[in-house]
Amino acid sequence: MDKNRFSALFMVLVVILSIAGFTYAHWGKSVQIIGTVEMAHVRMTVISYKALTSQDIEKYSIVKSELSGDGHLLTLKCTNLRPCWFIWIGLKTQNQGSLPANVKPPEYSFEGPDGFEDYFETEEYFYGPYPEAEDHDNPIHGVWRNAKVGRELLEDGTVAFTNTVNSPSFPVDPDEKVVAWIWIHCEEDATGELEGETVTLYIKIVDDIAI
Amino acid sequence: MKEKTIAFLTCIFIAMSIFGFTYAQWNDVIIVNTTMTFGTLNLGFVDPLTWVDNEDAKDVGLIDCHYEEYVQDVATGKWSYRKLVTELANAYPGYEGYSTFTLENVGTLPVKITDVVVSDFTNTLKWVEDATNPAKGVLVDTATDKAILNLELTPDPIEERLEPQPYTPTTLEVTLYLRVNQDAEHRYAYSFQVEIIYEEAT
C-alpha cells in the first residue's frame, strides 16, 4: 500500500514538473527589435591639381603648392608678387563619399601684409560632373589634360574651353568628378607695398549633402 | 525485492533530477511573474513585414528588415519569430525609415503588452522617452546629449491585448518609425534595441 502511494506520488510529481518545465521552456516575456543605422558620408576630395601661370610671371615669381592629406585644402605660397600677377589653379575633385554632394564655390583665405587681399580678384569656372572612368571619350580631358595658359586659360581671367561651364551649387553623385579652374589675379593698382611680398593663399573645398 | 529497491531508487533519482532542474528554471519565473499558469504565453512576429523610406527619386539611403529566431508554439503548433532586425544603411540627416510588422498571439493564453523598453547595448545612445508616450522618443548621444535618432511605435502597443485563437484580435500591426537627425555623425554605425514586454492578460 505504502509502495503504491510512493509510486503514485512520484509519478504525479514527475508529470507535474515535466509539464512545468515544458511550459517554462516556451514562456517568452518579450520580443525584440534589433536596429542598426549606418551613417553615410560626404567627401569631395581634390585628387589632382595644377598651378599654372604665364612664362613672364614664372621669371620673377615662384609658387610652391601643397595639398592637405585629406584633399580638402590647397596651400599656395607665392613669392615676389607684382601688379598684374596671376595664377590659374586647376582642381580635379571627386566625390569619394557615399552620398550625392553639392559642389559649392571654394573658400579663400590669405596670409600676408595687412589689407593686401583687397588687391586680389578671383574668377571660377566649374566643369562636370564627369564619370569616374577617364576613358578616351570622357569629356573631362577637354578641361584638364592639355590646358595651357594663353590658349584655354587666358590672362584676363576668361577661358576658352569648349566644355559647358556649370554653375555651383550642383549635385555630384558618388565617384563622379568635377574640374574647377580658379583665376587669382593681383590688380593693376596694387600698391608698391605689395611688391616683392610673399603671400600664402588657402583654397578650401566646400561640399554639402545634395539630397 | 532487490530489483524493486533498485527500481524505486532509480525513480527517486530521476524525479529528484527533474525536480532540481525544473526548480532552477522555475525560480526566475516565480520571481518575475509571481504567477504560475499552465499553457503557453507566446507572442511573436509574423508576416506581413513591410518597409519603406522617405526617398522619392533618388535611392541613396537603404532600409532592410527581416525576422529572426523562428520558433514553434508547442501547444498551438504555430510558428513565429522572436526578433525583428531593422537595418538602415547609407543614412543621412533627414533620412526616415518605416518598418511595419505584425505581432501575433500564437500561444494559448491571452497576452497584454505591458511596456516598451528602448536601449543601446553599446551605451553610445540613451533613450529619452516622450513624457506621455513611452513608445515614442529620441535616442540621444550619451556623451553630448545631442539627438541622433527619433523612434516611435505607432500605434502605441502598450496595453494592447491579443487573444489566442479562436478569439479576436490575435494580431496587431505596428509601425516602427525611425528618423536620422542632423547631429548624427558621418560614417558612424549606431545600434539600438526595442524590447516589447508582455504578460498574461487577466
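Which residue in E12(A) is the bridge partner of Asn102(A)? In this predicted model, the residue of E12(A) that forms the bridge with Asn102(A) is Asp208(A). The sections below place this pair in its sheet and then turn to the rest of the model.

## The three-stranded sheet of chain A

The bridge between Asn102(A) and Asp208(A) belongs to the pairing of strand E6 (residues 101-103) of chain A with E12(A), which is antiparallel and extends over three bridges. Both strands are part of an open sheet of three strands in chain A, ordered E9-E6-E12, with antiparallel pairing. Strand E9 (170-172) and strand E12 (207-209) of chain A have a single partner strand each and stand at the edges, so one side of each is left without a neighbour in the sheet. Direction ignored, neighbouring strands of this sheet are turned by 40° against each other on average.

## The four-stranded sheet of chain A

A further open sheet in chain A is formed by four strands in the order E2-E5-E10-E8, and the pairing is again antiparallel. Its edge strands are strand E2 (44-52) and strand E8 (120-130) of chain A, each of which pairs on one side only.

One of the residues involved is Tyr125(A), whose bridge partner in E10(A) is Trp181(A).

## The largest nonpolar core

In soluble globular proteins, nonpolar side chains tend to be buried together. The largest nonpolar core of this model has 82 residues, and the members that touch the most other members are Val179(A), Ala180(A), Ile184(A), Ala91(B) and Leu149(B). E10(A) gives the most to this core, with eight residues.

The surroundings of Val179(A) can be listed individually. When residues up to four places away in sequence are not counted, Val179(A) touches Gly90(A), Lys92(A), Tyr127(A), Gly128(A), Ile140(A), Val143(A) and Trp144(A).

## Composition of the two chains

Chain A contains two helices and 12 strands, which follow the pattern α-β-β-α-β-β-β-β-β-β-β-β-β-β along the sequence. Of its 211 residues, 29% count as buried. Among the contacts in chain A with a separation of 6 or more, 82% are accounted for by residues 24 or more positions apart.

Chain B contains one helix and 11 strands, and from the N terminus on its elements run α-β-β-β-β-β-β-β-β-β-β-β. Chain B has 202 residues, of which 27% count as buried. Of the contacts in chain B between residues at least 6 apart in sequence, 66% join residues at least 24 apart.

## Confidence of the prediction

The model scores ipTM 0.80 and pTM 0.71. For chain B the mean pLDDT is 88, and 87% of the residues of this chain reach 70 or more. Residues 26-34 of chain B have a pLDDT below 50, and this stretch has six contacts in the model beyond near neighbours in sequence.

Technical notes: Residues numbered from 1 in each chain as written. Chains lettered and ligands numbered in written order. Predicted model: local features only at pLDDT ≥ 70, side-chain atom pairs only at ≥ 80, totals over all residues. Buried ≥ 20, exposed ≤ 12 C-beta atoms within 10 Å, placed from the backbone. Contact = placed C-beta atoms within 7 Å. Pairing = 2+ DSSP bridges. Core = buried A, V, L, I, M, F, W, Y, C linked by C-beta atoms within 7 Å. pLDDT = per-residue confidence, 0-100. Axes fitted to C-alpha atoms, helices over the stretch in contact; angles between N-to-C directions.
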